[in-house]
Amino acid sequence: MNILFHLGHPAHFHLNKITITNLIEQGNQVTIAINDKDILENLLIESKLSYMKIVGKKNNQSKFGTFLRLLKQIKNLFQISYKKKIELLIGSTSVISHVGVLLNIPSIALVEDDAEAIPPFPQITYPFISKIIAPKECSVGRWSYKKIGINSYHELAYLHPNTFKPSFKKIEKYVDSQDDYFIIRFSDLGAYHDDGISGISDNIAKLIIDKLIPHGNVYITSERKLNSEFEKYRVKINPIDMHHFMAFCSIVIGDSQTMSAEAAVLGVPFIRYNDFVGKLSYCNSLEEIYNLGYGIKAGETKLLLDKVDQLINMSNKNEIFNKRKEKMLSEKIDYSLFLLDFIKKNYLK
């Protein structure tokens, strides 16, 4: 079968890489189309998976610029899909839904954010998509009749123990094994659904670092340009090693949903600080049901710093969060296994 995956973000690579590899090994023709976003292309090069770039890096941040970029993606993906006689489109972008309708082929959206939190994505995607695969707690608005709800998280597509085994050997070149270390993550917050969303400012970052430094090393990973005073903390790490790097750190603090959820399923305590707190069901699940991390709304700086203190001083922190992780894993399924099985049962000839 000819299947196309459209990857618009590095997280989409991780979400789909195991499914893509399995489909190829089983004799299917798989085309990978990508947007040039952050480290996405580097990840594909490292993985030795062939890909086609359909759009370059985003330069124009205006709504009109975003619209023109969307049209370019639709045009280019349409041409690729038509030429290659694609039979199934899979991804987390709106583009696959439009190309699917134009070519009369099925499309599957893989989403985890609630429809109400990320307008206008649902409005321009869900009316045209064939199926929506999402965590069971995720709202897809009035398109619930298209939803396939699963008892899993996107992060369990690539960090489930079935497929990911943390290795300290992979990160020895980056850290001293004798020292605790902390990761601070700055998101770009430049996507259309991030409009008006606040995260960790430079002033808040400095306060966090001042608290962490006496207790270990601080490493910053950032999608956005860093103020010069933070450059000394930037970690220069091969993207392929990042999840191993996260697995052995003490705390992850950031304004990224994805990295917070990744820390959670690895059993590493996280603090998520932005305006999305309380609005995303899968994050609420990790924070409120499994107690694997803490969501703090932007503006509640004192609460953020108090939570940093609490985690730094928590005795038996590793044991506590590992038990919480094991409880979560006992109640969730391997996302990649589900997705592969779903594709085989419903689409493979």
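This is a predicted model: local features need pLDDT of at least 70, side-chain atom pairs count only at pLDDT 80 or more; totals for chains, interfaces and linings use all residues.
How do the residues lining the second largest pocket divide into nonpolar, polar and charged?

The lining splits into 12 nonpolar, 4 polar and 4 charged residues. In total, 20 residues line this second largest pocket, and its volume is about 410 Å³. If you want to find the spot on your screen, go to Ala247, Leu266, Gly267, Val268 and Lys325, which lie nearest the pocket's centre. Two elements give two or more residues to the lining, namely helix H8, 257-266, and helix H11, 317-331. H11 provides the largest share, with 5 residues.

Okay, on to helix packing. I've got two pairs for you.

Pair one is helix H3, residues 63-83, with helix H4, residues 95-103. Their axes sit 9 Å apart and the packing angle is about 50°, so H3 counts as oblique to H4. Who actually touches whom? On the H3 side we have Leu70, Gln73, Ile74, Leu77, Phe78, Ser81 and Tyr82, and on the H4 side Val95, Ile96, His98, Val99, Leu102 and Leu103. Sorted by class, this contact has 10 nonpolar and 3 polar residues, and no charged ones. The crossing of H3 and H4 is right-handed.

Pair two is helix H6, residues 202-212, with helix H10, residues 301-312. Here the axes come within 10 Å and cross at roughly 20°. An angle under 35 degrees counts as roughly parallel, and that is therefore how H6 and H10 run relative to each other. This crossing, H6 with H10, is right-handed. From H6, the contact uses Ile204, Leu207, Ile208, Lys211 and Leu212, while H10 brings in Thr301, Leu304, Leu305, Val308, Asp309 and Ile312. By class, that comes to 8 nonpolar, 1 polar and 2 charged residues.

Where does Pro120 sit? You'll find Pro120 in the loop between strand S5, 107-110, and helix H5, 121-125.

Technical notes. Residues are numbered from 1 along each chain as its sequence is written. Side-chain values use heavy atoms; hydrogens and water are left out. On a 1 Å grid over the protein atoms alone, a cavity is a set of points where a 1.4 Å probe fits but cannot get out, and a pocket is an open set with protein on both sides within 12 Å along at least five of seven lines; lining residues have an atom within 4 Å of a point. Grid points are joined across faces, edges and corners, and a volume is the space filled by probe spheres set on the points. Helices (H or I, at least four residues) and strands (E, at least two) are DSSP runs, numbered from the N terminus. Ala, Val, Leu, Ile, Met, Phe, Trp, Tyr, Cys and Pro count as nonpolar, Asp, Glu, Lys and Arg as charged, and the others, Gly among them, as polar. Axes are lines fitted to C-alpha atoms, for helices over the stretch in contact, and angles run from 0 to 180 degrees between N-to-C directions. Angles under 35 degrees count as roughly parallel, over 145 as roughly antiparallel, 65 to 115 as roughly perpendicular and the rest as oblique. A crossing is left-handed if the near helix is turned anticlockwise from the far one by less than a right angle, and right-handed if clockwise. Contact means heavy atoms within 4.5 Å.
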